[in-house]
Amino acid sequence: MRKAAWLILVTLLSSDGIGAQSWPESAPDYAKLHFIDKLMRQMTVEEKIGQLRLNCIGAQSPREQLLEEAGASTLGGIFYAVGRSELREFQDAALRSRLKIPLFFAYDVIHGHRTLFPIGLGLASTWDTDAIALSGRIAAKEASADGLDMVFSPMVDIARDPRWGRASEGWGEDTHLSARYTESMVNALQGATLDAAGNVMASAKHFALYGAAEGGRDYNSVDMSLPRMYQDYLPPYRAAVKAGVGAMMLTYVAINGIPATSNIWLIRDLLRQQWRFKGLVITDFNAVAELVSHGVARDGREAAMLAIKAGVSMSMSDTYFRDELPGLLQSGAVSQKDIDDAVREVLGAKYDLGLFADPYLRIGTAKDDPADINAEHRLHRAQVRDVARKSLVLLKNDRAVLPLDKTAVVAVVGPLAKSRVDILGNWSSIGSSAQAISVYDGIAHALDAPNRLLYARGADVTGDPLVLDYLNAPGANPADVEVDPRSPTRMLQEAMDVARQADVVVVVVGESRGMSYEGASRASLALPGYQTQLISALKSTGKPLVLVLMNGRPLSIGVEHQLADAVLETWYSGTEGGNAIADVLFGDYNPSGKLPISFPRSVGQVPTYYSHLNTSRPYQADAPRAVTSRYFDEAYGPLYPFGFGLSYTNFSVSDITLTRQSLKRGEALGASVVVKNIGQRAGGTVVQLYIHDISASISRPVKELKGFQKIMLQAGEEQVVHFNLSEEDLKFYNAQLEYAAEPGEFSVMIGLDSREVKQRRFELL
Ligand code: BGC
C-alpha cells in the first residue's frame, strides 16, 4: 500500500472519539521488525511459548525452577524479584540460553519505589500534573536503579464506589482528571525513549472498568452500557495508549459477562484495532486459570486457548500457557499466528526497552552495585515532601484553629499517629517503613521541644474480630492492625488525661493500610473500631480538636466532622508524610489539595459522584419536602464534594466573562473569571471548569470537568483565569456511539470546587 493511502486508512480506523480524531500510526520501525523476524525464525515452539510467560518466585515456580527456565529460554520475564545482583543472576542464566534472549523484570511500583509518594488518591488530590510527573520520574529512576525494566503502573481505573479498597490506588472518580494524570504518569515513567537506563516501561491497568465492579466488591462483575463505557470509563486507558504506554494489564473482572482475559472485543477490537495499541497485553495474576472460576472455560486447556485467541500476549503467574499451548497448537485449536503475534509483542517490548542491545542496561555491573540498597542517599526526601504537602486536603477549619502555634503544647493522639507502616500505604514496593516519618515524628521535628509534645494511643484502629481475622491472617507480617493489650476504656481515659494537659489535640485516625487494598472491600464506610468514641471523648475535654485522617477511601464521617474543629485528609502520604503533615498543621505550607472523589454522608448514598444525570425529579434545595430523587433519611448530596479543599486564605471568584454568546464549530469560546486572594496570606487553589449540555439526544451529566488550573496568589493579589472551550469539549457518545457535539444550549460553570460555581450559558450553533 502506498504511504498516503495507508495513512488515510489508519486515520479512518482510529477516528473513534475519546479524544483523538485522527491519530496517524507511527511509521514502522523496519530495523526492529527485521530483527524480530530473524530471531523468530530461529525459535522453537517451546522457546516461543516461553516468551509468553511472566512469572514470580513462589510455590508454583520456585527460584531454582525459574533459573532453569530462564536458562532454557522458556520464560519471558520475571516480576516481584528486585535488586541488581538478584536480577543479574536470572539475566546471566537467560544469556546462557541457546538464543540468548534476555528476560525483562517487572514490579508493582504504584506510588514510588524506595521513596514512597502519596497513594493514587493522594497524588490525585494535588491537581498538579507536574507533581504527578515528578513522582513518576523518581519512581522510574529508583526502580531502574534496582534493575527493573517495567512497572505495573499507572492504575487508571475510575472509581465511584468507595467500598472498593482499590479506589485508593487510582485517580478517583473523574474521567477528565484521570486521563490527564494518566498521560503525565506514562510520559514520566517512560521518558523520551524506553531504551535508556532511568526510564521504565509503564503497564497501565486494569483494562478495563475494574473500578466499576458491582457494589464495590473486588473482582465482582461489571455490567455497563457502551455509551457510559466510552464516555466515562475508557478515556483514561485511551490516554495511556495515546501517551505510548508499552503495556496494558487486563482486569480480572467480566465485562457484560465476558472476562477481560478472554474478551476478544476488548483486546482485539477496541484496544488493538480501534486504538491501534501495539504493545504488550498482560493478564492479571493467575487470571488465565481464573477463567475457569468465571465459568467460561471448562479447564486450563480451554482457558489458555481463550486467552491467546482473545489477544493476550503474556500470562502472569500461570502454568497453562506452558503446559497447554503446545498441545493446543498441535491440535490446531490455536494457530501458529496466534502464538507468533504474541511472541512478536514480547520481543518488541524487549527491543524497545533496549534489552537486546544491552541486557544489563538497568542491572549494571556488579562493581557498581550499591553497597547499601537502603542508603539514605538513594531516597528523594525533599521532592516527596513537597509532593506530599500538595496532596493534603483541608476539609474543615473552624475559627482558624489551624495553623497551629509552634509554641503550643500539642497532644498527639490516635492509633495511626506513630505508624510508619500505614503512612506508606498499600503497594509500597520496597519502601522501608524504618525510613518513613510518622505524623508524631513530623510534629516532633516541627515543635523541637519534647516537653511540649504529649502522646496517647487512645484506641486501636479496630478490635473487630471479623476484621482482625482477615487482615491479620497468618502470613501478614507485620500484622496489619496492631492490637493494644489494654482495654478500650483504659486507652480512652489515658487519651483524655493527655488532652487535658495540652493546648490543642491532634487526633490521627483512619484505616490501617490493609483496609484499602486489593481484596479489601468494605461494607461500611464508618471510621472503624472505637475511633469515633475517641474523638467524642477528646471533644468533651473542650480542647481544640484537629482530625488528621489517614485512609484510602472516602469515609462517612459526618459525626466526626461535627465534633472536630479542623479536618485534614492526608490519605497515605508516603515516606515524608509526617513532615509534610506537620508543614501544613503548623502553617509552613498552606494547603491547596482538592478531593478527586466525593465523600458520601453514608454508605447508602453510594455511588456518590458529582457528574450524575439530572433524573426526572432532581432534588430541590428550596423545596426539600418535594418528592424527588433522594434518600429521605439522609441530607442531600455528599459531605464533601468532588474538587473541594480549603486553604488558610480565602479566594473570591468573579462572575464569568464569555468572549462570545454562541460558538461556531471550529471556533473557540473563551470563559474567564477573576480569582482574588482576599485573605491574609499567600496560597494556592484550583480553578475548575465544568460544562453541562442542557438538552441533548441523551441525558447528559449535570456537570463534567473539562479544565482546571492551579494558581498561586499572594495576599490581596488577583488573577484572570482563562479557559478556552471548543466543539471538542462538548462532544459525547450518543446512543449510536457516535462521538459528536449536538447544537443547542450549554452551561459553563467555574468554581473552586464542584458545588459552588458561577454559571453562564452559551449556544453551540
Ligand atoms: C493485582 C495487580 C498487580 C498484580 C501483580 C494482582 O493481584 O490485581 O494490580 O499488578 O497482582 O502483583
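Predicted model: local features only at pLDDT ≥ 70, side-chain atom pairs only at ≥ 80, totals over all residues.
**The chain as a whole**

The protein chain has 22 helices and 27 strands. Its C-alpha trace spans about 80 × 65 × 45 Å along the principal axes. How does the radius of gyration of the protein chain sit beside that of a compact globule? For 765 residues such a globule would come near 27 Å, and the chain has 27 Å, so the two agree. Of those 765 residues, 61% count as buried. Among contacts with a separation of 6 or more, 78% are made by residues 24 or more positions apart. The accessible surface comes to about 28,300 Å², and carbon and sulfur atoms hold 51% of that.

**Helix 4 and its cover**

Let us look at one helix in detail. In helix 4 (residues 63-71), the residues L66, L67, E69 and A70 are buried. Seen down the helix axis, the buried residues of helix 4 fall within an arc of 165°, so they line one face. An α-helix has 3.6 residues a turn, so residues three or four places apart point the same way. The face of helix 4 turned away from the buried side carries E64 and E68, which are exposed. What covers the buried residues of helix 4? The cover includes strand 1 (53-55), strand 2 (77-79), helix 5 (84-95) and helix 14 (320-331). Just after helix 4, S73 takes a positive phi of about 55°.

Strand 12 pairs with strand 13 (residues 453-456) in the parallel sense over 4 bridges, and Y455 of strand 13 is the bridge partner of V412.

Further along, S573 sits in the loop between strand 16 (566-569) and helix 22 (577-585). Is S573 buried or exposed? With a relative accessible area of 0%, S573 is buried. Leaving aside residues up to four places away in sequence, S573 touches L116, F117, P118, A388, L392, I423 and I581.

**Backbone details worth a look**

| Cis peptide bond | Omega |
|---|---|
| L402 to P403 | near -5° |
| V606 to P607 | about 0° |

P403 is found in the loop between strand 11 (393-397) and strand 12, while P607 lies in the loop between helix 22 and strand 17 (651-653).

R276, a residue other than glycine, has a positive phi near 60°. Its place is the loop between helix 11 (264-274) and strand 9. R276 is buried, with a relative accessible area of 17%, which falls under the 20% cut-off for that class. L737 is not a glycine, yet has a positive phi of about 65°. L737 lies in the loop between strand 24 (732-733) and strand 25 (739-740), and at a relative accessible area of 29% L737 is partly exposed.

Notes: Residues numbered from 1 in each chain as written. Heavy atoms only, no water. Helix = DSSP H or I, 4+ residues; strand = E, 2+ residues; numbered from the N terminus. Rg over C-alpha atoms; globule rule 2.2 N^0.38 Å. Buried < 20%, exposed > 50% of the residue type's maximum accessible area, 1.4 Å probe, protein only. Contact = heavy atoms within 4.5 Å. Areas by Shrake-Rupley, 256 points an atom, 1.4 Å probe, with all protein chains shown as cover. Arc of directions from axis to C-beta. Pairing = 2+ DSSP bridges.
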